[in-house]
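Here is a short briefing on salt bridges and helix packing. Please look over the sequence and structure first.

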Amino acid sequence: MNAITITNLSKKYDGLTAVDNLNLTIGQGELFSLLGVNGAGKTTTIKMLSCLIKPTGGNAVLLGDSVKEHPQAVKGKINISPQETAVAANLSVTENLELIAGIYGQDSKSATKSADEMVSQFGLDRVRKKKAKQLSGGMQRRLSIAMALISNPQILFLDEPTLGLDVLARRELWASIEALKGKVTIILTTHYLEEVEALSDRVGIMANGKLTAVGTVAELTKQTGTSKLEDAFVILSGGTA
Amino acid sequence: MRIILFAKRNAKEVLRDPINLFFGLGFPLILLVLLSVINASIPPEAHNTMFSIENLAPGLAMFGTAFMALFAGLLLSKDRTSSFLMRLFASPMTSLDFILGYTLPMLVMALAQAAITLLASCIVGLELTANLLLAIGVTTLTSLLFVGFGLLFGSLLNEKAVSGICGALLTNVAAWLSGVFIPIDLIGGAFKKTAEILPFYHSVQTIRAVLGGNFDEMLPHLIIVLGYTVVIFILAIIVFHHKMSGDNA
């Protein structure tokens, strides 16, 4: 069974087409990277899939539920780590995690247990009682992803999860994401192509709201006659290699 | 369940900021002390009752709750701009969870603030009667107006703009046109008419009437305040719902 089936999905804003007739299927447990230059339509696509904005046309079905017809059912199965760290600044690490667990229906005891597991899984032990605003950028990113995972989502959207992180923090976060592969369906957007090569099962490239190519890194380089993903990306995004 | 969780989080966010504590609880008390000192130095033959505690206490109770607009507005605006709301919009939370989750902690804070201000007023001469308890309740009710303003502007504007409008502008307008710090009857004219059209003067008169046990006098003022509150809240809910289900969340 596919985790996500997207059919002719479109979004228009006052004459501007942000996403244009997107068709795509993503398998369960797959880590799918969505690439594109700024304004290509990646974030708009993720927002439609996570029921944050309504599609103008087409549909997307996530694990059997349509984003248009049953958004509440979809919301119970997904979670998102937005581009910004999106944490509650004056709450501690543990309080942030327990808040999200509670919002997704866990009782107080389960929320505490889940928060402990996330703290351990994401190496947040040392800072668990610190307020989120006192954490470093890397730690805030880890907390953000832990908050997205505490609800045990079947589908996880990671919108530029390593933006602004140093090399070490990025590698640590990669390891955390890698550990989720096969267990959770992950849709990742990023501008770091080495991240895509390290983590993705498949890659989709968007340009001007359209999906211009889908495949593994090897398939995309073969399709474009290039040896590196970066060159393939430039060609498939409409640039000159 | 979600409403309570979210309301608790919002209360923690506001109360863990020491500046909020100062403005929310400390500032009305400082004004109470200062204006009581000024009142004590006014000679009785001047027959100036403007800062007498019967007039001052309801005015400061209302003025203190004006900060709820700033607290609610800043919190909502920060949640929007930091994408924390985006995270919550993608969760199973409903519009009702959000509106009540933001409103309830502000009401509890307004209740605590009204209780502190009015009980402190008893130390400087306000008569301690059962009506004082009712006045605390009515002040909490009239504070909904400011919570509504906060939700409306917090849904629309960034933090800086919310600070300017809900912090500087609204608190000043509420204070100037409430009749607490400026003798409206003495000035008269357009100033008095404007004060009577807007709800702030009526909030003070509502609380004052309750404190004095003049419930017949209270009702017309309370109706005006609640009318404004309903309109502002409806606008806030429409704008918030639009953001929640719209394209610019």
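Predicted model: local features only at pLDDT ≥ 70, side-chain atom pairs only at ≥ 80, totals over all residues.

**Salt bridges and a helix pair**

Side-chain values use heavy atoms, without hydrogens and water.

**Salt bridges**

- The whole structure holds 14 salt bridges over all chains, each a side-chain nitrogen of Lys or Arg within 4 Å of a carboxyl oxygen of Asp or Glu.
- A:D125 pairs with A:R128 at 3.8 Å, N to O. A:R128 is partly exposed at 24%.
- A:E172 and A:R142 form a salt bridge at 2.1 Å, N to O. A:E172 sits in helix α6 of chain A and A:R142 in helix α5 of chain A, so the bridge ties together parts 30 residues apart in sequence.
- A:E172 is partly exposed at 42%, whereas A:R142 is buried at 16%.
- A:K77 and A:D65 meet in a salt bridge at 2.5 Å, N to O. A:K77 is buried at 16%. A:D65 is buried at 16% too.

**Helix pair in chain B**

- The axes (lines fitted to C-alpha atoms over the stretch in contact, with angles from 0 to 180 degrees between N-to-C directions) of α6(B) and α7(B) come within 8 Å and cross at roughly 135 degrees.
- Residues meeting across the pair (heavy atoms within 4.5 Å) include B:M106 and B:L107 in α6(B) and B:I136 and B:V147 in α7(B).

Conventions:
Residues numbered from 1 in each chain as written. Chains lettered and ligands numbered in written order. Helix = DSSP H or I, 4+ residues; strand = E, 2+ residues; numbered from the N terminus. Buried < 20%, exposed > 50% of the residue type's maximum accessible area, 1.4 Å probe, protein only.
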